[in-house]
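Hi there,

Here is the structure I promised to pass on. Could you open it beside this message while you read my notes?

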Amino acid sequence: MAEHDKDDSVVESVTEKISEKIHGHDSSSVSDSDHEKSKSNTDSLKSKIYRLFGREKPVHKVLGGGKPADVFLWRNKKISAGVLGGATAIWVLFELLEYNLVTLVCHCLILALALLFLWSNASTFINKSPPRIPEVCIPEEPVLQIAAALRIEINQGFSVLRDIASGRDLKKFLTVIAGLWVLSIVGSWCNFVTLFYIAFVLLHTVPVFYEKYEDQVDAFAEKAMIEIKKQYAVFDAKVLSKIPRGPLKDKKKD
């Protein structure tokens with residue numbers, strides 16, 4: 001009887017261990033599947049989040065990456081502060097001190113030539129070597145590359161203007177007209193140097209602010225875009241739909 005009880009206890013302990021292993025494996029697999037589901041849900045939620053202008057890349061990539069993006073996003077604060085300080089100094093010279101570009105260039109050249117002339121003539125009296133003026137040589141290949149890149153950008157700009165002026169997309173046409181009208185009003189308030197400086201300062205402040213608070217800005221932009229689409233639908237129904245269309249589309253269909 002004692003041996004039978006021992007055998008029963010051994011069998012029960014073995015079955016308990018097997019059941020614990022099975023349940024433990026099931027629970028771990030269930031937890032893994034739950035984790036994978038939650039992960040997929042978070043990924044889908046992230047993909048469904050509205051981003052300003054349909055942005056899919058990070059702000060650094062949108063700005064082109066590399067050193068210019070690092071400067072605009074203040075990755076290196078010394079370089080960014082130096083660039084912004086230089087632009088501020090140029091704006092102060094041209095706008096506040098009312099310096100002219102030709103006058104500034106001539107004064108800088110006069111100062112440089114006078115210093116080099118004095119140094120070259122004084123070197124014989126002070127027993128020092130004259131200044132070594134480096135020979136400036138502009139290579140041909142970088143100039144051709146810059147010209148080719150500018151040619152491509154200018155041609156793309158002309159093609160975009162041609163598409164807008166052709167009347168295929170009325171929404172884009174009205175957006176461009178409104179943007180140019182706003183730009184003309186801003187241009188009447190200040191000259192080109194001040195306008196360029198304002199754009200430069202905005203490039204050094206807006207991307208950093210957006211990168212830091214992109215979720216809040218995107219949520220606000222989503223609400224604003226919904227409201228703009230509603231207002232545009234009302235404007236389209238009341239005004240744009242009543243504008244008579246040309247017979248070009250009907251002829252194409254026929």
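A residue counts as buried when its relative accessible area is under 20%, as exposed when it is over 50%, and as partly exposed in between, with a 1.4 Å probe and protein chains only. By that rule, 11% of the 254 residues of the protein are buried.

Two words on where this comes from. The model is predicted, so local features need pLDDT of at least 70 and side-chain atom pairs count only at pLDDT 80 or more, while totals for chains, interfaces and linings use all residues. Residues are numbered from 1 along each chain as its sequence is written, and side-chain values use heavy atoms, with hydrogens and water left out.

**The overall picture**

The protein has 10 helices and zero strands; helices (H or I, at least four residues) and strands (E, at least two) are DSSP runs, numbered from the N terminus. Taking contact to mean heavy atoms within 4.5 Å, residues 24 or more positions apart account for 55% of the contacts with a separation of 6 or more.

**H4 and H8**

Two packed helices are described by the angle between their axes and the distance between the axes. Here axes are lines fitted to C-alpha atoms, for helices over the stretch in contact, and angles run from 0 to 180 degrees between N-to-C directions. The axes of H4 and H8 (residues 192-212) come within 10 Å and cross at roughly 165 degrees. That makes the two helices roughly antiparallel (angles under 35 degrees count as roughly parallel, over 145 as roughly antiparallel, 65 to 115 as roughly perpendicular and the rest as oblique).

On the H4 side, the residues that meet H8 include Ser-80, Leu-84, Trp-91 and Phe-94, and their partners in H8 include Tyr-197, Phe-200 and His-204. By class, this contact has nine nonpolar, four polar and one charged residues (Ala, Val, Leu, Ile, Met, Phe, Trp, Tyr, Cys and Pro count as nonpolar, Asp, Glu, Lys and Arg as charged, and the others, Gly among them, as polar).

Ser-80 deserves a click. Ser-80 lies in H4, which spans residues 77-96, and is buried, with a relative accessible area of 1%. Leaving aside neighbours within four places in sequence, Ser-80 is in contact with Asp-70, Val-71, Trp-74 and His-204.

**Either side of H4**

Which residue sits in the loop between H3 (66-72) and H4? One of them is Trp-74, partly exposed at 28% relative accessibility. Trp-74 has a positive phi of about 60 degrees although it is not a glycine. In the loop between H4 and H5 (101-122) there is Glu-98, also not a glycine, with a positive phi of about 55 degrees. Glu-98 is exposed at 68% relative accessibility.

**H8 and H9**

The axes of H8 and H9 (residues 214-238) come within 5 Å and cross at roughly 95 degrees, so these helices are roughly perpendicular to each other. Phe-209, Tyr-210, Glu-211 and Lys-212 of H8 make the contact with Glu-214, Val-217 and Asp-218 of H9. By class, there are three nonpolar, no polar and four charged residues.

Also in H8 is Val-206, which is partly exposed at 44% relative accessibility.

Happy browsing!
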